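The following exercises ask the reader to work through a protein structure, from overall totals to single residues. Each task is followed by a solution in steps.

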Amino acid sequence: MLPKTKTHRTPEEEQFIKELKAKYELLYHSVQPLPYIRDRMYCVDKVYVYSGIERLVEQAHGNKMWKLLESHHELLKKPENCGRQIIEGEPGSGKSTLTLQLAYDWCQRVPKSPLSNVPVLIYLRLRQMRGVKSIYQAIRHFILPRDSDLSEVIVESIIKNCSGVLVILDGFDEYPDKDDQETDISLILRREMLQDIDVILTTRPFYLPKELAPHTDRIRLTGFNEDIRDQYIRKAVVHGDEQAAREIILKLQQNPLLGDLCQVRLLFVLFAHMSHENKDLKTFKSVTSFFRNVIACLHSHLMNKPIEKVIFDLKHDELNKVAFEALSGRNQLIVWDSTSLRKRLGDDFYEQYLKTGIFFEEEILTGDQFLYKKEVRFCHKLFCEWYAAHYIADYLSQESLTSATTESQSVAELLHYLDPFELHYVYRFACGLNKTASGKIVNYLQNNLKHKKFAMMCMLEQDYKSENIVDAITKLASKVVHVHGDDSQLHQRSTLQVLEFASATQITIACLHLTMAFKECDGYTILLQSGLSLCPLVTVEKIHIETEKEGNEPYAISEIQLTNIFCFALRCQSVKELSFSECLLPLSPSQESINAEMISRKLKIYWRDYGYSLNLHSGDWEVDNINIIESLCSERLQIWTKDSKLQQNCTLQLLKNASNNDIPIFHLELLQSFSKADAGNIILCSGLQLSCPVSLKKLSIDTYEEGRELTETEVAGILMFAQHSQRLEKLMFLFCLLPQSIAAEDIPSILKSRKSLGYRTIVAKFMTSTLNLVDG
């Protein structure tokens, strides 16, 4: 529960909050979707559109799953006793935009936002804090105005005595002192300082050591889905112009290989705004060709200004080297002293890149806390990756080596510190820039099993009609292609883009297997647990969906979801078979969910868990694989009281199918699910009715109710139930009290001709007894 805002503040507190808001207003009023248009700035609230935000939540039995938040306002509705939240997202995913929106909500006291009740919000950009160990010093010198008469001591006093403080730390991955364990930032994250304050920290994935931030609540940004993209275009780009919105959406749909434009906020935003600015924007076939156009737009926009005299220098070799050095070191450093970089690149070059918006200058503190200096960085890390890729492409295209061994060693040495999972755009750009370099990079990646699919993604940056690419993808698609929930987002994205390429070029995809990756389907796309979206693939022949358990129970696919999956499958025009496993499905799908096209195409639908196939005419699940049912019935089958009604129904249907096919049922256990026996049937606590399968061999009834005593009538009813089984060998009662005897006339005569039925009961201690069926 967030604290209420204090109604009475000291003059120092009033001044402090006023100065905080003044600073934040400057920040959130300076959002630039297009960095090269410096004179077009927006308030963050005019361009912010909620995209997917998920929280990792604890489930039963220690399991965890990602839960979608309805809006960014839910960020502060954190789990109990969790004051630290990490927001993870890839470069360009919108982490900083989100934090600016939070600052806006606080300053404007947005009524529906929990931030309206937060007394003090501290917003710090960690990239500015090199050498600044004290958070109070950082607040004094990066947020408050230089002429403020509030000292660090006063700032510290206000924060320590405030009833509620939220600290937002943006960009831990760019924090120069992230390896220093003794800064206030490190101490705060480890809860060794300011333990009662709430903290939201943003970072790229895998950048924050677990030991630095124990007991944190993990959040991730999942990217834009189709609805959110449309919202952004209408709100921030065309401002309600429906015709212009449709034109941009159509251009996006005409770029099927640019899946990243839909997932990475920066790329999508650039594409949307550039498409609106330039009606003749061409269709791109790779991320490299798109980003090359972005760079051209940056320079051409500057050159078109009559007041500027700019010569667009295509030679940027030194900048390429600077960028490569920044990314390829053991510790990445993508900010530079402006004076040093200006000297290295030359004044004219430096000024041009500053004016285009590729470079961005900001003031920081020097070692002497009373002096400021200018530092420069790329407006976004993707630009640094672009120029580093030029260095790699140039180096590998000029390298002439005498043997394959020395060539592979040279490539490995060059790329050694460039992790493909972290810097995948460097690899993709380098492959798109030069064909010779692409071949060497792809060979390097293919030598590592976990990078094979990413290697194909890199191949797509070259001419997509290349025979090598087609052959490689044809070979991959001829086997089962897996998208696993445990795969990294890069691995999944690589796989999806390769599949989209195969579909677009009419390469047959034999089978797509979604293993613990499926989240939901809207009929048009399948949303994965990672937040990525799978579009219909016109050449895929088989799709298998294996879901992830929710606690100890299989994932339940609702009738609406099943209908949507059927619609998706039909959009995959070559699909012949759709199958499911590790999930619960509706036992009788409605005829509305099974349309005429499914019947005319003779689409095969399988439920692998039970060996069923769906009869498209009747809507019933029929036994297709008798071996699966035999295997299931050879082990213990359990009906728990805590099982969902659907789970219990599925088990009852399995028992019925086994009985109808004369398959022996080894052992059925009713675990705390028995309610009563009625007319030869057992009524479960859920209200469902269990008829005795004729092939049942062993039945256990565990009531597990303290003091529960089964009456003679109840036991007689259970014996009436048991007589319907032709194979019953043993009936056991567990954890319940039984009558000392049963009237002989209440014991069905058919049971008297069989072996004794044993039971165990608890009376102060475990006891074992056997019922004599002849005399009761």
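The exercises below begin with the whole chain and then turn to selected elements and residues.

This is a predicted model, in which local features need pLDDT of at least 70, side-chain atom pairs count only at pLDDT 80 or more, and totals for chains, interfaces and linings use all residues. Residues are numbered from 1 along each chain as its sequence is written, and side-chain values use heavy atoms, with hydrogens and water left out.

**Exercise 1.** Describe the protein as a whole.

Solution. Step one concerns secondary structure: the protein has 27 helices and 31 strands, taken as DSSP runs numbered from the N terminus (helices, H or I, at least four residues; strands, E, at least two). Step two concerns burial: 55% of the 776 residues count as buried. Buried means under 20% relative accessible area, exposed over 50%, and partly exposed in between (1.4 Å probe, protein chains only). Step three concerns contacts (heavy atoms within 4.5 Å): among those between residues at least 6 apart in sequence, 71% join residues at least 24 apart.

**Exercise 2.** Determine how far helix α19 is enclosed.

Solution. Helix α19 spans residues 452-459. Its buried residues are K453, F454, A455, M456, M457, C458 and M459. Because 7 of its 8 residues are buried, α19 is largely enclosed by the rest of the structure.

**Exercise 3.** Locate S581 and list its contacts.

Solution. S581 belongs to strand β18, residues 577-581. With 8% relative accessibility, S581 is buried. Setting aside neighbours within four places in sequence, S581 touches H544, I545, E546, T547, R608 and D609. The C-alpha atom of S581 is 9.6 Å from that of Y555, 26 residues apart along the chain.
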